[in-house]
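Here are my notes for a colleague opening this entry for the first time. Please read them with the structure on screen.

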Amino acid sequence: MIKKVLVANRGEIAVRIIRACREMGIETVAVYSDADRNALHVQLADEAICIGPASSKESYLNIEQIISATITSQSDAIHPGFGFLSENSRFAELCEKCNITFIGPKAEVMRKMGHKAQARTTMIQAGVPVIKGSTKEFIDALKAKEEAKKIGYPVMIKAALGGGGKGMRVADREETFLNHFKTAQKEAEMAFGDGTMYLEHFVEHPRHIEFQILADQFGNVVHLGERDCSIQRNHQKLIEESPCTAISSELRQKMGEAAVKAVKAANYENAGTVEFLLEETGAFYFMEMNTRIQVEHPVTEWVTGIDLIKEQIKIASGLPLSFCQEDITIDGHAIECRINAENPKKNFAPCPGEIKEVHFPGGEGVRIDTAIFQGAIVPPYYDSMLAKLIVHAKTREEAIAKMCSALGEVVIEGVDTNIEYQYDILNHPQYQFGDINIEFTEKMEIQ
């Protein structure tokens, strides 16, 4: 088993990983920037090492500093969390070269699945349904525009390397393509250090459905059901739930088999997510694969009873999965709300600052994943997520009621939040009825 893990991340996911390691008897090392010197993950870890200034590029994206900290602390593994270097194949490759266990897939597989065009080709060869798109990647905007004509508008412009809604724009006609391409490319360069872009036909009015998978080093692969991530704003997820109200048991089996087929085709190991777009007709298309743990993993943990972080560590340690597909059952309904430091009334402007007062709800079926506390500083340099509020109940209706109650108890003073915005979504008749798609927040005029 892995004995010491360096957590190459910050915020609530770093705290989540440290707690899982502690329960497994594994030592932890936190890394932090100057801005996070007093952060919770720094306080909870067995050791902590400063890796640079506040800027992500000089700290949490600084591969050399993180590798150096791992070697200095004599850690035998790195958990990258999500974001930052979690899908950086060069980082995973350097870990392999330095004999450091990377808690995630192999660099070669990450490289293949992280690039949209290569992933698409792999899926086509495996017989997984895919959206019509480009067979190559683009740096040059004019060449990309020529390809967009062949694909047909509307076209989704995507960063070839990355995820999390960064570097994505929809061009609905030829006249707007160049502007959208350059904007998405600039965002991709800032977020991932790579301006390579990919094009695909934009499927209108779909749901965003993703399947959680686990794959060990012995070829065993299982899926843990789906998450409906359709409630989004600017391709950033806001509310996630499991199971999806639009998926029958037959469709779940069909999509789950496609997800497993995709994972096997990629020779994938560890935890990952296969993302699909689901049309109202029941047709679904492979969109991409996230080669990491995801923000919304707690909803799957709650309906399956499986700790995904611990499973990641076990798989990376060389252990086989202790369960098979027949052992996986979906129990009840779980919903997650992302609480961000932002002001919806000011175009969701980020709101850094000091947490003056904080209170989170508790009780049966209520979970909080967070790194904030009274006196904590929310820096302006990183993602604005403060906490994830997750609830679990027997039915979707009960889960919505529980989430509304729990949101009403949250107190965060000192920074603006999107709590009221989330509450409005949950109380919207169409959300409660389950009539949602990825355009929900745009069409329903949530204020």
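1. A term comes first. A nonpolar core is a set of buried Ala, Val, Leu, Ile, Met, Phe, Trp, Tyr and Cys residues joined through side-chain atoms within 4.5 Å. Buried means under 20% relative accessible area, exposed over 50%, and partly exposed in between, with a 1.4 Å probe and protein chains only.

2. The basis. This is a predicted model, where local features need pLDDT of at least 70 and side-chain atom pairs count only at pLDDT 80 or more, while totals for chains, interfaces and linings use all residues. Residues are numbered from 1 along each chain as its sequence is written, and side-chain values use heavy atoms, leaving out hydrogens and water.

3. The largest core. The largest nonpolar core holds 37 residues. Ile239, Leu389, Ile412 and Tyr431 have the most contacts inside it. Two or more residues each come from strand 11 (236–242), strand 14 (333–340), strand 19 (366–370), strand 21 (385–393), helix 12 (396–409) and helix 13 (419–426). Helix 12 gives the most, with 6 residues. Helices (H or I, at least four residues) and strands (E, at least two) are DSSP runs numbered from the N terminus.

4. Tyr431 in detail. Leaving aside residues up to four places away in sequence, Tyr431 touches Ile231, Ile239, Glu241, Ile335, Arg396, Ile400, Ile425, Leu426, Ile436 and Phe440. Contact here means heavy atoms within 4.5 Å.

5. A second core. A separate core of 31 residues includes Ile18, Ala45, Phe82 and Val222.

6. Leu214. This residue sits in strand 9 (residues 207–215). Is Leu214 buried or exposed? Leu214 is buried, at a relative accessible area of 0%. Its contacts, not counting residues up to four places away in sequence, include Val222, Leu224, Ile306, Leu308 and Phe323. The C-alpha atoms of Leu214 and Gly272 are 6.5 Å apart, although 58 residues separate the two along the chain.

7. The whole chain. There are 15 helices and 22 strands. Of the 447 residues, 59% count as buried. Among contacts between residues at least 6 apart in sequence, 65% join residues at least 24 apart. The C-alpha atoms fill a box of roughly 55 × 50 × 45 Å, taken along the principal axes.

8. Charges. The chain carries 48 positive and 64 negative side chains. Lys and Arg count as positive, Asp and Glu as negative; His and the chain ends are not counted. The centres of the two sets lie 4 Å apart, placing each charge at NZ of Lys, CZ of Arg, CG of Asp or CD of Glu.
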